[in-house]
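Trainee: Could we go through some local geometry of this model together, with the cut-offs stated as we go?

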Amino acid sequence: MWALSLTKGFFFPVEFIKSNSVYLIEGLGMPTIKQIADDLFASSVLSDEETDVICQKIRQDASRSLIHSILRKGERACDLLVQLLKKRDPFLYQNLQGHQAAEQVTQEDLDCLAQDLIDFYQAAVFEKFHPLGEEIDIVFDLTTSYTDTLLWKKDTRNTRQGQKNLNELLHELENPCIIEGEAGKGKTTLLKRIALLWANGDHPSLKKFKLVFFIDLSGARAGLYETVCEQLLTENYRISKVNFMRMLSSLREKALFLLDGYDEFISQSCQEIESLIKENHRFKNTVIVTTRTETMSRVRYVGSLIAETGDLTKESARQLVRNVLEEKLAEGLLSQLESTDSTFQNSGSQFGNLMKTPLFVIIACAIQMGETTFNPHTQTTLFSTLYDLLLERNKPKIKETGNKDFLLSINHCGDLALKGVFDNKFDFPPEDFFHIQEKVLLATGLMHKYTVQRLKPVYRFFHKSFQEYIAGRRLSRLLTSHKDEEMSKGLSYLQKIDNIPDIISTYRNLLLYTCGSSTEATRTIIKYLSAIHKQGSFSELCSLNNQSSGLQPMKNGRNGQEEENLSAASMNSLVECATSFLYESISKSTVSEEFEEFFHGKSLYINTQCIPVYICGFFEHFSNCVSALELIKLDFLGCYSWGDVEDEKKECFKTNPWKTVIPEKAVALFFNWERKLQSLEITLKDFNKLEKGDIKYLEKICCSASSLRLHISKSPGITGKLKEVLKSCKNMQDLTVESTPLTTEDEQQIAAMEMLKTIEIKDLQDGSLNGLIDGIPDLVNLEKLVFDNIKMNEANAEKLAEGFRNLKKIDILNLSNLLDLGDGMTYIVKLIPICLKDLKEIHLVNCGLSGIAVNFLAQNLGDLHNLYALNLSDNYLGNGGKEALLKLVDSLNIQPKMKVLMLPWEDEANTCLIKLLEQLERKPQLIKLGLKKWTITDSEAGILGTFFEKAFLRELQHLDMAENYMTSDGWLTILHVLPSLQKLTFLDFSRKQTFHPSSKLVLSLCRMITQLDSLQEINLSGWQFDATDRGEINNASSSCRNELQVIIS
């Protein structure tokens, strides 16, 4: 614990801060620093400029700057700082005050606390609960109703790495552990089950934990101790806060926190819990935290183990129904769900679609108790049926309430839900209700009142998803209202969703339920998505109805470059959202044709391992929209563990008469005589065997599109059969083969595909490609040629170069990582300006380029009038290299369009730097610059730093300075000025030899990371960092707007 500086009673604030400055600098978290700085600004102790300077620093620098600034301002400022510390971080304040010295934590205290927790978890109030609220008489028992949860282990890049059950998760538990999942997937039940297993002593992996705390984060409104007392113990518990925190400190990883619902957590109100999650290295306690998928990005970077709750298997869903309902009702419900008389027969059975989510199974059970038949083909209809059932069953309880008051109460409920979604608010105080409204909402079961251990009651919906449904239901009514005021109100809410990330994550469910509640609202939502995509403006939507003219246009937060470079992943997610919204909409026939424009020119990615039901419905009911798509991407995986296969697909394998890996469900989407697609991009990966049935299925899929792109990766099972695949794909224009050996027949068939526009062959060291290279002259429509890391010799290279004479349309040439070519590359370079005059991009990377070849290229660079990308990196020029490099640099003045410049190297490359920078001053459009191995020293770093500071290259996004052996001083010069290049997204500062950066350089690196808003990746391989360095870098990375990847060996 910290040293004492105060005795109880009177003290001097200046002395208190001075004597504890070291502990304050170490102990203050960044959120607390910002809160205190804002408070001091509001009290006129800090100026606006001082506040900004403090808040822009990294944590330790910020706390140091705050403390020293306050000490310079005298007694009053110091006194105010102490009061604010007491308010904002009482735990740190009490530690500094030394109250903990007066008491000792005993083993008896620990045993009593453990027993109190065990008693709570074993009590009926915890073990049994109403998942849909007390108005619905369904009780879930953690012992008898629980079905094992399927989990997917994932990495920080969101890639699934295999399945786990709860036992395996606990056995392999790493700290912190993050569990993500969609709403209703059983995250809360999973954590409650862990707490009960610990209390019962039933699980060997949990016996190491002395204390286990299950905390509902949505109800956390104070410190960690206060929250534990409020939710699990008593308000005036026998152990003080100071001793409780000391107990946690001594137990370290033997105290387990089960933190449920980070998506509903207001971190500002409980900074200790936020630090427990995000600064776990300080607390050392074991943490498992759950969050919904849309908020996962806020905690993914801190997770040592990440898991995703998977779908219920059919058997688990059946078992859950039988556990919840009486036998007769259970069998009746199962019979309905498994019937095949659904309107959406081609989209998969009802049972297989909605019953993958535990919450929806429970809702179906509730509906079965009140309705003999129902047809829940979408999430909205499921909630809608429950909603109507609640009102129908409970309205007699409020028969004395007039219709007008009843409707006002229902609308008020929708308004609360809607405002709560946007304010991230799930608890509502009594002030939000009038007497009649409260009575109606509680009697109908739409909301529930919680008073246990609370000074003031709070009101909640039984589940966040139900709140989102009611909010969507209300928003649809507002958007389709004939009243000007209500229409404007609905549009004003929609206006708050002003960017694609909010559409595809934060508010996706709200928009889904809005579309599911009204056909007319679906029209408004889809047109709104078009407005966001086209111009980032609300003006188009406002023009839909002149009654909304009072609204202000949406602010466009994206600059031109960001608009142009909108990520393909985000765009695909936007299109996928639109498909789910249309599927959810009430009427398919009335909304189909008018939405064709939205899908025109866009692309859609389909994961064939698990095709969502709304994708099937989209293809079935919105054919014209499917045909409007410019590109549809399909991935087929040939080799995987049987345990990683979705339950639905296992059934398909058992019943499919064809011997295939490609799922029949995917074939059914595309093999349709009524529809013609524009382009398909198909990826075949990890096929160790390709059956005849797979080839036939590929033919059926491929024939549906006018043009085809085929990407084959790591698939030795296709070797020798590629010829058959290509013969069935007459419409192919792009072909990529990666890490897949080719036979001569395969190569000859590629060369016979005269319509090919793109050929990419990568990572092939077997064979010689003679069959393909011999036929290259016949591929007269080729526009892009890539040979990367393949086996070639000098004769192959010369033959390839001669083939260039027929390839007049090529505009991208990439010959990289080709060794043992002798003089073959020189021959290729000599024919490039003669035969390929229309080239736009040249990539000759690590291919043995000599000084002679580069010299010839420099002399003829002026003949390539359209060239804007020249990548010659990783080539050591050898004899005559210095002169060749100088000529290349000189020739850049005749290439005004250059946007990508990655240069070769030689032993004295740094002597060309000044001349190069003179050329670059006239190339403000440059977006990529490579100076790898340019022997840059601290002296050249100063020249380069001055150049960057002047921001000649303000469009620069990619900077490669790998393997330049500057000292820390040289790197400091570079890092200090890079924030002036605000569009940088990628930096490579890696080294093969070990480099030990100074502490000053580490701090400068962290500042740079926080100042470059667009930075996505920085490679620091070879830099040696200790634990403290890594902690500061992680803190800096976590403050970035993007998910920054920092590569450290």
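Predicted model: local features only at pLDDT ≥ 70, side-chain atom pairs only at ≥ 80, totals over all residues.

Mentor: Residues are numbered from 1 along each chain as its sequence is written, and side-chain values use heavy atoms, with hydrogens and water left out.

Trainee: At what angle do helix 12 and helix 14 pack?

Mentor: Helices here are DSSP runs of H or I with at least four residues, and strands are runs of E with at least two, numbered from the N terminus. Axes are lines fitted to C-alpha atoms, for helices over the stretch in contact, and angles run from 0 to 180 degrees between N-to-C directions. For helix 12 (residues 224-232) and helix 14 (residues 271-278), the axes are 7 Å apart and the angle is about 105°.

Trainee: Which peptide bond is cis, with omega near -5°?

Mentor: Pro 176 sits in the loop between helix 10 (166-171) and strand 5 (177-181). The cis bond is the one from Asn 175 to Pro 176.

Trainee: Is Ala 951 buried or exposed?

Mentor: Ala 951, in the loop between helix 45 (938-949) and strand 24 (958-960), has a positive phi of about 55° although it is not a glycine. Buried means under 20% relative accessible area, exposed over 50% and partly exposed in between, using a 1.4 Å probe and protein chains only. Because its relative accessibility is 15%, Ala 951 counts as buried.
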